[in-house]
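Please read each point alongside the coordinates.

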Amino acid sequence: GMGEKIVEHLMNEGLISNAADIFELKKGDLEPLERFAEKSADNLIRAIEKSKKIELEKFIFALGIRHVGEETAILITNNLQLTTNNIIKTLYDIIKFFPKIKIDNWLEIKGIGDKSAESLVNWFGDSTNIKLLEKMEKLRVEIIISEKLKTKSEKLSGKTFVLTGELESFTRDEAKDMIRKAEGDLSSSVSKKTDY
């Protein structure tokens, strides 16, 4: 329920200036605004509260880091969350751990290239961004670990897939989840490396 126009409206009214400010909004902030009746204010506050619990890969993607799309966020989650003794469990862990990761460490993750690695180091090395994360933590934004990423098989390991068009039996997101669970790799465009 929080589309681009509502975000612009809230920014123009001076109620938010960054992503963390969203989690401070109260029903009383919204009701006096144009387009916000009591019910729509209630609905938006409920949706904001619900969004305080977010899966790690969705959180990383939502930060809007340059060159870090949905697939890169999932690669990061799989490699830092699931293969390093569950080192990342909370937003505090991200604040503490991510700024210490160097470009070479990011590049060790298969599928992460130079531009993504450099963007990650720059983003987590910026004190303004860390303050934003600290504010979110104080406002009780909670990282959760996706069950979809916990249980895997290795049937498609080493195979790269590109999904295009419409699928008959399931949505594209469901197909992506199935490929990821079987350790397959996803790409957004066809290349020499594409298997299917």
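Which residues do ring pairs link into a cluster?

1. The aromatic cluster. Phe 97, Phe 98, Trp 106, Trp 123 and Phe 124 are joined into a cluster by ring pairs. The model is a predicted one, and the count of aromatic pairs in it comes to five. One of these is formed by Phe 98 and Trp 106, whose ring centres are 5.5 Å apart with 75° between the planes, an edge-to-face arrangement. Both partners are shielded: Phe 98 is buried at a relative accessible area of 2%, and Trp 106 is buried at 1%.

2. Which residues of helix 8 are buried? In this helix, residues 114-124, they are Ser 116, Ala 117, Ser 119, Leu 120, Trp 123 and Phe 124. These residues lie on the same side of helix 8 because they cover an arc of only 165° around the axis.

3. Ile 95 and its contacts. Ile 95 belongs to helix 6, residues 91-97. This residue is buried, with a relative accessible area of 11%. Setting aside neighbours within four places in sequence, Ile 95 is in contact with Ile 130, Leu 133, Glu 134 and Glu 137. The C-alpha atoms of Ile 95 and Leu 132 are separated by 9.9 Å, although the two residues are 37 residues apart along the chain.

4. A lysine to inspect. Is Lys 176 buried or exposed? Lys 176, in helix 11 (residues 172-181), is buried, at a relative accessible area of 16%; the cut-off for that term is under 20%. Beyond neighbours within four places in sequence, Lys 176 is in contact with Glu 70, Glu 71, Leu 163 and Leu 186.

5. Positive phi values. His 67 is a residue other than glycine with a positive phi, near 65°. His 67 is located in the loop between helix 4 (56-62) and helix 5 (70-81), and is partly exposed at 38% relative accessibility. Arg 140, which is not a glycine either, has a positive phi of about 65°. Arg 140 sits in the loop between helix 9 and strand 2 (142-144), and at 63% relative accessibility Arg 140 is exposed.

6. Confidence. The mean pLDDT of the protein is 87, and 92% of its residues reach 70 or more. Where in the protein is confidence lowest, and where is it highest? The lowest value belongs to helix 10 (residues 147-150), with a mean of 54, and the highest to helix 9 (residues 127-138), at 97.

Terms used. Residues numbered from 1 in each chain as written. Predicted model: local features only at pLDDT ≥ 70, side-chain atom pairs only at ≥ 80, totals over all residues. Heavy atoms only, no water. Buried < 20%, exposed > 50% of the residue type's maximum accessible area, 1.4 Å probe, protein only. Helix = DSSP H or I, 4+ residues; strand = E, 2+ residues; numbered from the N terminus. Arc of directions from axis to C-beta. Phe/Tyr/Trp six-rings, centres within 6.5 Å; stacked < 30°, edge-to-face > 60°. pLDDT = per-residue confidence, 0-100. Contact = heavy atoms within 4.5 Å.
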